[in-house]
Amino acid sequence: MQIMMIGDIVGATGRRMLKDTLPGLKKRHAVDICLANGENAAAGLGLTPRLAHEILAMGVDLITLGNHTWSRRELVERIDTLPQVIRPANGPASWPGQGFKVINHPAGKILVANLLGRVFMEPLHDPFTTMDLLLEQAREKQQIPLAVVDFHAEATAEKMALGYYLNGRVTLVVGTHTHVQTADERIMDRGTAYITDVGMTGPFEGVIGMDPASSLRRLVEHLPAPYEAAGGKGQFSAVVITADPATGRATAIERIQIRE
Ligand SMILES: [Fe+2]
Ligand SMILES: [Fe+2]
């Protein structure tokens, strides 16, 4: 089975890159299931229900989120009506929506979970033990060997630690959030595919996808500036893994990055 995970879709440029690139790539890599992080799809901050539908219509099967999950009020109100959108699982119990989802694919069931890191980020519940509970709950009643975890985290070490923690228990641990693709993709010794960060699908000429002038005003002049997505050329970032639905083990991981 071929599973694709696309990194943070940022603004209109990210959505354009997705629309232009995804159909051809899905064909070339014979992708069975396509996942994407959509936390920056709405002009760089959050996701709206309308944009969720737009991204799903482009060929994405499930959208994951991150620290910008609740940036759009519409999503707080409507996430429960969007079964193909999941938010981080380790937030407070008051959060609407679901932290994981089981996709029923003809080739096999697949569990997809979304977690937030705690290092250099707002500290939520422990992502490690949250994942233990979640795997226990989800796998208790049904056989689900395939599992993908989108770990939305800042610190490389925290992401690598989760990779080792889940090695042999899930099919893929994929990092998101930094928007810069890392060149450390690998298959760990117990069959878990891993990459520290899959990278961004959005404007290449920006500060992690955001307008450079606004970033400089905030970081150099220390004055307020609008938080908006950059324009210009775009890039598409993803990984495709090959996995065995019978064992849940990954046998290959390939990094994809396309720039205009
Ligand atoms: Fe992001
Ligand atoms: Fe993020």
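Student: Which spacing do the donors of the iron ion (ligand 2) follow along the chain?

Tutor: In this predicted model, the protein donors of the iron ion (ligand 2) are Glu39 (OE), Asn67 (OD1), His152 (NE2) and His177 (ND1). They lie 2.1 to 2.2 Å from the ion. Along the chain, their spacing is E-x27-N-x84-H-x24-H.

Student: Where do Asn67 and His152 lie, and how many residues apart are they?

Tutor: Asn67 belongs to the loop between β3 (62-64) and α3 (73-78), whereas His152 is in strand β6 (residues 146-152). The pair thus links distant parts of the chain, its separation being 85 residues.

Student: Is His152 buried or exposed?

Tutor: Residues under 20% relative accessible area count as buried. Asn67, at 35%, is partly exposed. His152 has a relative accessibility of 0% and therefore counts as buried.

Student: What is the geometry of the site of the iron ion (ligand 2)?

Tutor: Four donors count as tetrahedral if all angles lie between 85 and 135 degrees. Here the angles among the four donor atoms are 87 to 151°.

Student: Which residue coordinates both iron ions?

Tutor: The iron ion (ligand 2) and the iron ion (ligand 1) are 3.4 Å apart. The residue that coordinates both is Glu39.

Student: Which backbone oxygen does the side chain of Thr69 reach?

Tutor: Thr69 lies in the loop between β3 and α3 and, at 1% relative accessibility, counts as buried. At 2.4 Å, its side chain reaches the backbone oxygen of Gly66.

Conventions: Residues are numbered from 1 along each chain as its sequence is written. Chains are lettered from A and ligands numbered from 1 in the order in which they are written. This is a predicted model: local features need pLDDT of at least 70, side-chain atom pairs count only at pLDDT 80 or more; totals for chains, interfaces and linings use all residues. Side-chain values use heavy atoms; hydrogens and water are left out. Donors are N, O and S atoms within 2.8 Å of the metal (3.2 Å for Na, K and Ca); water is not among the atoms, so sites may look incomplete. Four donors count as tetrahedral if all angles lie between 85 and 135 degrees; four count as square planar and six as octahedral if opposite donors are over 155 degrees apart and all others between 65 and 115; anything else is irregular. Helices (H or I, at least four residues) and strands (E, at least two) are DSSP runs, numbered from the N terminus. Buried means under 20% relative accessible area, exposed over 50%, partly exposed in between (1.4 Å probe, protein chains only). A polar contact is a pair of N or O atoms within 3.5 Å; within protein, one must be able to donate a hydrogen and the other to accept it, and residues adjacent in sequence count only if both atoms are side-chain atoms.
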